[in-house]
Amino acid sequence: MGLQIEINPIKHWLPQINNPLIIAGPCSLETEEQTMETARMLAKDHRVFVYRGGVWKPRTRPGSFEGIGSIGLKWLQMVREETGMPVGTEIANAQHAEEALKAGLDVLWIGARSTASPFVVQEIADVVQGTDAVVMVKNPVNPDVQLWVGAFERLSRAGIKNLVAIHRGFTPFRETEYRNYPNWKTVIELRRIMPNLPIICDPSHIGGKREYLYDISQKAFDMGMDGLMIESHRDPSCALSDKEQQLTPADLAKLLDRLIIRNVTTDNKQFENQLELLRNRIDALDRELLEVLSSRMEIARQIGRYKKENNVTAFQVGRFSEIMEKRVKLGESLNLNGHLVHQLFQHIHEDSVRMQTEIMDEE
Ligand code: PEP
Ligand code: MN
């Protein structure tokens, strides 16, 4: 059952949208000139609908560039005036929210570190209460879907209906090639809980490097995301923050050219019929799978009774290791992912043992 909160589609606050929502602009606004020049270059690409630029930058360690501050809001107003593009920035406390609203910014977003703090989200919600602000919420740094949902609930209770989620990846718990690992499972879970909520992807903060942006963006569209927020700077080599992950507007255009945007559904009848046939086959195979599983469990039950009669424990470590090793090998020879087979048999075996201990406890 989905969560019942009222959310407007993107078209409601961005009527000119005719494609996925692409938001682009520098990680940080640095100078008036860099802000304007980057915006002029991006405005020529009609696939870019919103200009982003960080004004207050949350930095993990102090001492690096922490943003240009409030003057940047004025530059964003100038961008909108000159190019007509809606503009947005990140807000991380009540004061930012007040200033950004006062400056009339079109889009505000709550960054990943802030989403992780319900106090921060609430103080922002209190400021935007009763306005028709567009508020985007990045996922919290930890993969806790409830914290993400909670932020939308706080904003919704403040009367905000123009809401969008941004998947920007999660803090990795070990060394990974990406800066923040994308956790599509959490994104799917968010979609299940809030089916009407538009979700876009921020490949820049997921990848951390230019070379990964294409693959992550394509994956986002394959997963049915509604758009991208992507960092673009007129000259990334001298950016004051996130220089490795920013694209020039020209490279952004090339990336957008290569992306294949898939439809969630189609009107093509032949496609629908073929899909229906394939889905029927999947349904039949799933039934077979469950019937086989049920027979397997019945045998496990018999084994349980047999073990009980002979006073032998339900769990035998040797047998468990043997099952795991052999099944993974067999699965791989059948073209199945070893990890999937491993997990599957872990669950099956765990449930067999649970059932057998129940049998042993019966009078
Ligand atoms: C940003 O968008 O520049 C940013 C700081 O993002 P995040 O909150 O995802 O780290
Ligand atoms: Mn950044």
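This is a predicted model: local features need pLDDT of at least 70, side-chain atom pairs count only at pLDDT 80 or more; totals for chains, interfaces and linings use all residues.

Residues are numbered from 1 along each chain as its sequence is written, chains are lettered from A and ligands numbered from 1 in the order in which they are written, and side-chain values use heavy atoms, with hydrogens and water left out.

**Domains**
- The domain assignment, which is automatic or taken from a database, gives domain 1 (10–258) and domain 2 (269–361).
- The C-alpha centres of domain 1 and domain 2 are 43 Å apart.

**The manganese site**
- C27 (SG), H205 (NE2), E231 (OE) and D242 (OD) coordinate the manganese ion (ligand 2) at 2.1 to 2.4 Å; donors are N, O and S atoms within 2.8 Å of the metal (3.2 Å for Na, K and Ca), and sites may look incomplete as water is not among the atoms.
- Along the sequence, the spacing of these donor residues is C-x177-H-x25-E-x10-D.
- H205 in helix α9 (residues 203–207) and D242 in the loop between β8 (227–231) and α11 (249–258) are 37 residues apart, so this pair links distant parts of the chain; helices (H or I, at least four residues) and strands (E, at least two) are DSSP runs, numbered from the N terminus.
- H205 and D242 are both buried.

**Salt bridges**
- The structure holds 20 salt bridges, each defined as a side-chain nitrogen of Lys or Arg within 4 Å of a carboxyl oxygen of Asp or Glu.
- One of them joins E82 to R40, with the closest N and O atoms 2.6 Å apart.
- R40 is partly exposed, at a relative accessible area of 39%.
- D242, a donor to the manganese ion, also meets R179 in a salt bridge (3.1 Å, N to O).
- R179 sits in the loop between β6 and α8 and D242 in the loop between β8 and α11, so their pair ties together parts 63 residues apart in sequence.
- R179 counts as partly exposed at 34% relative accessibility, while D242 counts as buried at 15%.
- Within helix α12 (residues 269–309), E291 and R287 are four residues apart, about one turn of the helix, and their side chains form a salt bridge (3.0 Å, N to O).

**Aromatic pairs**
- The count comes to three aromatic pairs; rings of Phe, Tyr and Trp (its six-membered ring) pair if their centres lie within 6.5 Å, and planes under 30 degrees apart count as stacked, over 60 as edge-to-face and the rest as tilted.
- F170 and Y181 form a tilted pair, 6.1 Å centre to centre with 45° between the planes.
- The rings of F173 and Y181 have centres 5.9 Å apart and planes at 80°, so this pair is edge-to-face.
- Ring pairs link F170, F173 and Y181 into a cluster.
- Y181 is buried at 18% relative accessible area, whereas F173 counts as exposed at 69%.

Key:
Buried means under 20% relative accessible area, exposed over 50%, partly exposed in between (1.4 Å probe, protein chains only).
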